[in-house]
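Subject: Structure for your files

Hello,

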Amino acid sequence: MSSTSVPGLARFNTSPDSAAQAALHEVCASSAWGSKLLAQRPYAAVEALFAASDAAMAELTAEDLAEAMAGHPPIGRPKPGDPTSSREQSGMAGASDGLKAEMLELNLAYQDKFGHVFLICATGRTGEQMRDAVRERIDNSPEMEREIVRTELGKINRIRLARLVEEENR
């Protein structure tokens, strides 16, 4: 699919740098990631944008990953008034009080161990699946967990980039 056949991609490609940088920051809070994507405009196709995102994600330092994670609220507690985090975490919306309490406890234990929020591509996952994932990952080493987080961030970024370039009007 070419840039001209995807109005949102054409708009992103031709937006002023400040507007494109702001849009990229909404996708991922890492300034290094956003700068790398911004520098490679224009993109001929959505797949080229995804490939650039994946490459930039692979190059992020631990500090860059921390900056990216800081833009994500804990699972079960989306940012008030933020439709993106609410949509992405919709699997927790109908969770029982018991599951929400367990998720809070697990989130706190995870954050205590790793120093950052539990991050997972929550789109399409149930509350139980997210709980099971944090249970499974809490015993990982910090190095292993950092690479899992990098992969999950990459998935989230692709979903958000797709929404960015598919929207007719932003």
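A pocket here is an open set of points on a 1 Å grid over the protein atoms alone, where a 1.4 Å probe fits, with protein on both sides within 12 Å along at least five of seven lines; lining residues have an atom within 4 Å of a point. This is a predicted model, in which local features need pLDDT of at least 70 and side-chain atom pairs count only at pLDDT 80 or more, while totals for chains, interfaces and linings use all residues. Residues are numbered from 1 along each chain as its sequence is written, and side-chain values use heavy atoms, without hydrogens and water.

The largest pocket has 20 lining residues, and Glu26, Val27, Asp82, Thr84 and Arg160 lie nearest its centre. Two or more lining residues come from each of helix 2 (17-27), helix 6 (83-88) and helix 9 (142-166); helices are DSSP runs of H or I, at least four residues, numbered from the N terminus. Helix 2 gives the largest share, four residues.

Now helix 4. Its 14 residues (46-59) should span 20 Å at 1.5 Å a residue, and the end C-alpha atoms are 20 Å apart, which agrees; the expected span is 1.5 Å times one less than the number of residues. Val46, Leu49, Phe50, Ala52, Ser53, Ala56 and Met57 of helix 4 are buried, that is, under 20% relative accessible area (1.4 Å probe, protein chains only), with exposed meaning over 50%.

Regards
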